[in-house]
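Let's take a walk through this two-chain model, one chain at a time, and then look at where the chains meet.

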Amino acid sequence: MTASSMESGIREAAIRPVLRGGWRWWAIFALLTVIISVGGVAYAYQLKDGLAVTGLDQRTSWGFYISNLIFFMGISYGAAIASAVMRLTDVPWRRGLTRMLESIALAAALAGALFPVIDLGRPERGWYLFRYGQIGSPVVWDVIVVTNYLVALILFLYLPLIPDFAYCRDQLGDRLGRVRRVSYRALALGWSGQPGQRKVLRQGITVMSILIIPVAMAVPSVLAWLFSVTVRPGWNSTIFAPYFVLGAVFSGVAALVIIMAVIRKAYHLESIITEQHFRMLGYGLIALAGAYLYFMISEYVTEGYKMTGETGSQLELLMTGDLAWVFWLFVVGGVLLPMATIAIPLTRNILGITVASIAIVLGMFVKRFLIVVPGLAESVLPTDVLKAYEPTWVEVAITLAAAAAIPWLLMIFFRLFPVISIHEFEAAHPDGPPPSAVAGVTGGK
Amino acid sequence: MKGQTGGDASAPAWSRRRLLGGIGAAAGMAAASIIPLTQIPVAESQGAAGQAPAKSGARQWAFVIDMRRCDGCLYCTKACQKEHFLPKDHEWIKVFEIKDRQGRKSYMPRLCMMCENPPCLKVCPTAATFKNPEGVVLVDQSKCIGCRMCMAACPYEARYFNYKDPIKPPSPFDNPMPEFPVPQQKGTVGKCILCVHNADKGKLPFCVDACTMDALYVVDLNSDVMTNGSGETYVFSKYIYDNDAYRYKEELNTSPRVWYVAGHGQALDF
């Protein structure tokens with residue numbers, strides 16, 4: 001197999017989904033649209049009747065929406081940081097993954113960024129955050145870092161896309177509608193693949209890869225401070241910001257594994273995304289799980305040793321009390337078992353690592369809930385009454401809609417641009433022909 | 001030495017670094033000017049008893065609760081809810097039952113502590129929570145966006161969110177304002193206002209008026225006077241000294257303005 005024929009194979013595989021969907025694509029897309037619509041109806045109901053339709057009350061005033069915010073945004077910056085680190089360390093097997101990671105980052109950020117608005121009692125007053133914004137409030141810090149992050153993320157995704165847009169412009173011209181032709185032409189920014197352009201692009205991508213790390217880390221850190229600037233038991237912690245960052249990368253990489261497994265099958269990319277990719281990410285997940293355990297242990301050991309007042313009873317609630325089953329389910333099912341599954345050679349295959357990743361993502365969802373809700377559910381006043389919070393169908397429907405929005409957005413993204421960065425594969429073969437020299441390799445079925 | 005251009009007279013007047021620094025500073029100032037300075041809440045009076053008032057003639061309101069007298073009848077809670085048209089789950093003054101080691105009960109009413117360093121005010125993103133010149137922490141419900149950050153921040157759980165449509169007062173002339181937020185606004189946070197609307201009319205807060213045990217006192221720190229519903233009046237600084245009054249969760253540095261006198265003999269294990 002010559003270099004150029006391998007490249008054309010990659011191009012064909014990467015570009016095929018852009019050209020046509022097929023009935024399976026439409027069926028899944030329709031299903032996801034229905035789930036999202038149900039969430040939309042639920043939100044309309046909430047707009048009409050207010051937050052009374054949720055399971056929230058005077059004690060537990062933050063619930064599913066806030067834990068979803070942490071969860072979905074966590075997946076987003078986890079994916080963004082993973083992509084940036086892979087680019088900067090230039091690991092050779094990253095080339096098939098970075099586009100996917102950056103797309104996941106954007107899709108999850110768009111889904112997650114809705115939750116603060118959904119959680120507002122008066123969403124129509126959201127713009128007051130700009131009108132009356134009070135810089136001392138962690139909520140305003142959040143608005144600043146999330147906005148900043150979204151802008152950086154779009155740039156981070158867009159820069160490596162420029163040559164691929166040019167490829168679509170040059171190679172698919174006559175097979176596309178007018179709108180897409182014009183759009184690709186505009187988005188390609190006159191890319192012709194000359195050395196000067198390549199150099200500038202390479203520098204731009206490197207700068208964005210460096211910048212996106214602190215910009216993304218700012219988001220979970222500030223989200224963590226929403227909690228740790230208060231004196232609530234379980235929240236009043238100095239470790240929260242790095243704890244949230246680590247949890248984000250952990251769940252982000254696990255989400256990548258799941259989406260990678262789906263895309264590999266759905267888009268027939270078996271030759272590009274190999275078991276090697278899953279194994280490497282699996283090793284990464286073991287390291288991240290170990291680091292997360294380390295953070296948990298150092299938090300709980302130091303607090304559990306003292307067992308001071310409210311923090312002590314909060315720990316009892318988690319470890320031996322009403323919520324113990326949820327907590328231990330997370331520790332065993334969401335961390336230890338996935339670690340073992342990846343560590344044991346027998347299950348260290350695509351299926352095993354994917355199943356472990358699903359457990360990790362679900363586990364991290366539960367963990368976020370265990371961070372937000374128990375800190376509020378237990379009163380800090382002289383009363384023993386523990387108010388149980390249970391989400392209503394409205395909250396569940398909106399959560400499912402957000403979860404469905406991620407694959408839904410990804411399906412749209414990969415109709416608009418190639419799922420694998422053609423440009424990055426070319427970079428591995430600098431002597432290969434420029435895109436315009438290879439004509440008619442797109443071969444849709 | 002390279003890189004040290006700070007004190008070097010031969011360095012160009014506008015090196016790139018200085019120019020960039022200048023642009024950065026200008027951008028920072030521009031960003032800062034977007035935030036209206038008037039919106040940044042300033043603690044109006046950090047002073048405790050005896051200090052000059054922030055505003056000429058202004059009172060500095062505070063509260064004393066004598067738990068030796070409270071019998072947990074909840075008249076205060078009921079009066080507050082009736083007069084402010086609040087639903088059952090909005091207990092601006094809430095009475096907690098405390099049991100000592102022998103199982104004997106005592107009661108601890110909790111209202112807004114009117115902290116001089118209020119955590120709720122610091123975290124409010126739109127400065128809807130503010131402190132009036134008389135030291136009363138209030139909520140401008142027409143500015144509240146309902147994020148409920150203040151509820152998480154308040155160490156006394158003294159804030160209540162309007163999940164449902166508020167109860168409408170019968171009068172069609174209602175004019176809700178921070179000093180008298182009736183009716184409450186759906187989707188916003190409400191809390192005890194120490195009945196500042198009554199103070200201007202020379203009346204006591206509704207809870208103080210309703211307390212048949214005379215356990216609640218309203219205090220003006222400026223004149224150092226406290227009084228309850230029956231007109232029992234004491235010199236505040238002497239009273240809290242003589243009765244070993246304390247403030248709840250004082251160690252959090254919130255400087256609450258509610259003083260408690262502990263009940264007789266209870267272990268007070270909380």
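How many helices and strands does the secondary structure of chain B come to? Seven helices and 12 strands. Keep in mind while browsing that this is a predicted model.

**Chain B**

Of the 270 residues in chain B, 41% count as buried. Take the contacts in this chain with a separation of 6 or more: residues 24 or more positions apart account for 62% of them.

Some of the strands come together in an open sheet of six, and its order in chain B runs β10-β9-β8-β1-β12-β11. The pairing in this sheet is mixed. At its edges sit β10 (233-235) and β11 of chain B, each of which pairs on one side only. Further in, β1 (residues 61-66) and β8 (residues 216-220) of chain B run antiparallel to each other, and five bridges link the two. As background, strands of a sheet pair through backbone hydrogen bonds, either parallel or antiparallel.

**Chain A**

Chain A is another story: it has 17 helices and zero strands. Its 445 residues include 47% that are buried. Among its contacts between residues at least 6 apart in sequence, 83% join residues at least 24 apart.

What about its overall dimensions? The C-alpha atoms of chain A fill a box of roughly 75 × 50 × 40 Å along the principal axes. The radius of gyration of chain A is 23 Å, and this agrees with a compact globule, because a globule of 445 residues would come out near 22 Å.

On confidence, the mean pLDDT of chain A is 87, and 93% of its residues reach 70 or more. One stretch to treat separately is residues 430-445 of chain A, where pLDDT stays under 50. The model has 26 contacts beyond four places in sequence for that stretch.

**Where the chains meet**

How many residues does each chain bring to the contact? Chain B brings 35 residues and chain A brings 32. On the chain B side, at least two residues each come from β2 (94-99), β3 (105-110), α3 (119-123), α4 (149-153) and β6 (159-161). Of the elements on that side, α4(B) gives the most, with four residues. By type, the side of chain B that touches chain A divides into 22 nonpolar, five polar and eight charged residues.

Most residues other than glycine have a negative phi, and most peptide bonds are trans.

| Site | Backbone feature | Location |
|---|---|---|
| B:Asn253 | phi of about 65 degrees | loop between β11 (246-247) and β12 (258-261) of chain B |
| B:Val182 to B:Pro183 | cis peptide bond, omega near -5 degrees | B:Pro183 in the loop between β6 and β7 (189-191) of chain B |

Technical notes. Residues are numbered from 1 along each chain as its sequence is written. Chains are lettered from A and ligands numbered from 1 in the order in which they are written. This is a predicted model: local features need pLDDT of at least 70, side-chain atom pairs count only at pLDDT 80 or more; totals for chains, interfaces and linings use all residues. Two residues are in contact if their C-beta atoms, placed from the backbone, lie within 7 Å. Ala, Val, Leu, Ile, Met, Phe, Trp, Tyr, Cys and Pro count as nonpolar, Asp, Glu, Lys and Arg as charged, and the others, Gly among them, as polar. A residue is buried if 20 or more other C-beta atoms lie within 10 Å of its own, exposed if 12 or fewer, and partly exposed in between; C-beta atoms are placed from the backbone. Two strands pair if DSSP finds at least two bridges between them. pLDDT is the predictor's confidence in each residue, from 0 to 100. The radius of gyration is taken over C-alpha atoms; the globule rule is 2.2 Å times the number of residues to the power 0.38.
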